Structures are given as C-alpha cells and as structure tokens.
Amino acid sequence: INRYPIVIDGKSIKINKPIDTGDVGGMDFFEKDGEVYVWMLNTDFSYFLISYSGSAIMSYPNFYRFDKNTGNFIRVDNEFKEYYKKFIDEQTATLETFKTINYSKEAGGIWPVYLSARAIYQLKAGQDKDDIMKQFDADFKILDEKYPRDGFSDETLEEIKEYILKKIPS
C-alpha cells in the first residue's frame, strides 16, 4: 500500500513521493523533539504460521519522520530501537516459559509465532542477523522437540527463516 504525503504551501498543493507501507493495520502521528512522525503498523505477517488473530503478535510498526525541506516522510526505524527492544524482551520471556513449563501439545501451534515475532523485532532493532538466526535455530530445536508442530504448521525451519528475512531485510 502506498501513502502519499501532501504538503500545502501557500495556495499550491504538492503530492510528494509515496511511502511504501506494506499491508498497514493502523497508523498514528506524533511529535518528538519538535519533529512530526508517523508510525504505521505493518501486518505483512498476517496468517503466517497461524490464523489472522493469532498472527497479530507478529505485526510491527514502521516509523517515519516528516522532512520539512522535501515534504517527504523518511523511514527512521533506527531511531526507535528501544521501542522494538521492549517487544523482544516480552517474546523472550514468553519463549522461556515454553521451555520451562509443560504446556499441552497444543503449544506446538503457538510457540513458532512467538519465536518468529522475536526474530522480527530483533531485525527491526538492528541486531546482528547471523546471531538472530543462530538463536532462532537453537530455540526452534528445543521447542520443536518439546512441542512438536505436527498438524499445526507445515513450514520447515528454513522456510520460516527465509520468509522472515525476505520481509525484513537487514
């Protein structure tokens, strides 16, 4: 989905270059340090590994700052690494409970979503891709042994990682 910022300068209206937002689930404007920003919730991972409502945890915001000189929005996700880190910590805590508590076999349908969500937020926070994927592999092995995904998801480990890295290039 493309969104076009509109700048009104006196009596003329200028439509600037589009923001490619992906599949947007929500957006909001805010001010920070005297600058205008917008966050747009990207829902590219809807229905990935699970139902639509179950996949909401993998939705993530993209951040843009309005450039007064050009009238365009500039992607500035790197200014919000601490925001993404909060979600990383939440997913990590949830994954640790899956490792330590014995849930029913139905957990095989949900842990891959939390594991994927953590990797998505780690990539958005600018963490090292190789380190993220090594951690992903290790946790996937542990959790897949404890809670097999039989009947829940057909995607292989490599297919899941490939899809995430395609959607969130580093």
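The model is a predicted one. Its protein chain contains 4 helices and 8 strands, and along the sequence these follow the pattern β-β-β-β-β-β-β-β-α-α-α-α. Of the chain's 170 residues, 39% count as buried. Among contacts with a separation of 6 or more, 51% come from residues 24 or more positions apart.

**Packing of helices H2 and H4**

- Helix H2 spans residues 111-124 and helix H4 spans residues 157-167; the two pack at an angle of about 35°, and their axes are 10 Å apart.
- The crossing that H2 and H4 form is right-handed.
- On the H2 side, the contact is made by Ser 116, Ala 119, Ile 120 and Leu 123, while H4 contributes Ile 160, Ile 164 and Leu 165.
- Sorted by class, this contact of H2 with H4 has 6 nonpolar residues, 1 polar residue and no charged residues.

**The two faces of helix H4**

- Ile 160, Lys 161 and Ile 164 are the buried residues in H4.
- Viewed down the axis of H4, the buried residues fall within an arc of 95°, and they therefore line one face of the helix.
- The face turned away from the buried side of H4 carries Glu 162 and Lys 166, which are exposed.
- The cover over the buried residues of H4 includes H2 and helix H3 (129-146).

**Nonpolar cores**

- The largest nonpolar core has 32 residues, and within it Phe 45 and Ile 164 touch the most other members.
- At least two residues of this core are supplied by each of strand E7 (60-67), helix H1 (81-100), H2, H3 and H4.
- H2 gives the most to this core, namely 8 residues.
- Apart from this core lies another one, of 5 residues, including Val 38, Met 40, Phe 66 and Phe 73.
- Ile 164 touches Phe 45, Phe 48, Ser 116, Ala 119, Ile 120, Leu 123 and Phe 136, when residues up to four places away in sequence are not counted.

**Trp 111 in helix H2**

- Trp 111 lies in helix H2 and counts as buried, because its relative accessibility is 0% and the limit for burial is under 20%.
- Leaving aside residues up to four places away in sequence, Trp 111 touches Leu 95, Phe 98, Phe 140, Leu 143, Asp 144, Tyr 147 and Arg 149.

**Loop residues with positive phi**

- Asp 33 is situated in the loop between strand E5 (24-32) and strand E6 (35-42).
- The phi angle of Asp 33 is near 50°, a positive value in a residue other than glycine.
- Asp 33 counts as exposed, because its relative accessibility of 69% lies over the 50% limit.
- Leu 49 is found in the loop between E6 and E7.
- Phi of Leu 49 is near 75°, which is likewise a positive value in a residue other than glycine.
- Leu 49 is buried, because its relative accessible area is 8% and burial requires a value under 20%.

Key. Residues numbered from 1 in each chain as written. Predicted model: local features only at pLDDT ≥ 70, side-chain atom pairs only at ≥ 80, totals over all residues. Heavy atoms only, no water. Axes fitted to C-alpha atoms, helices over the stretch in contact; angles between N-to-C directions. Left-handed = near helix turned anticlockwise from the far one by under 90°. Contact = heavy atoms within 4.5 Å. Nonpolar A, V, L, I, M, F, W, Y, C, P; charged D, E, K, R; others polar. Buried < 20%, exposed > 50% of the residue type's maximum accessible area, 1.4 Å probe, protein only. Arc of directions from axis to C-beta. Core = buried A, V, L, I, M, F, W, Y, C linked by side-chain atoms within 4.5 Å.
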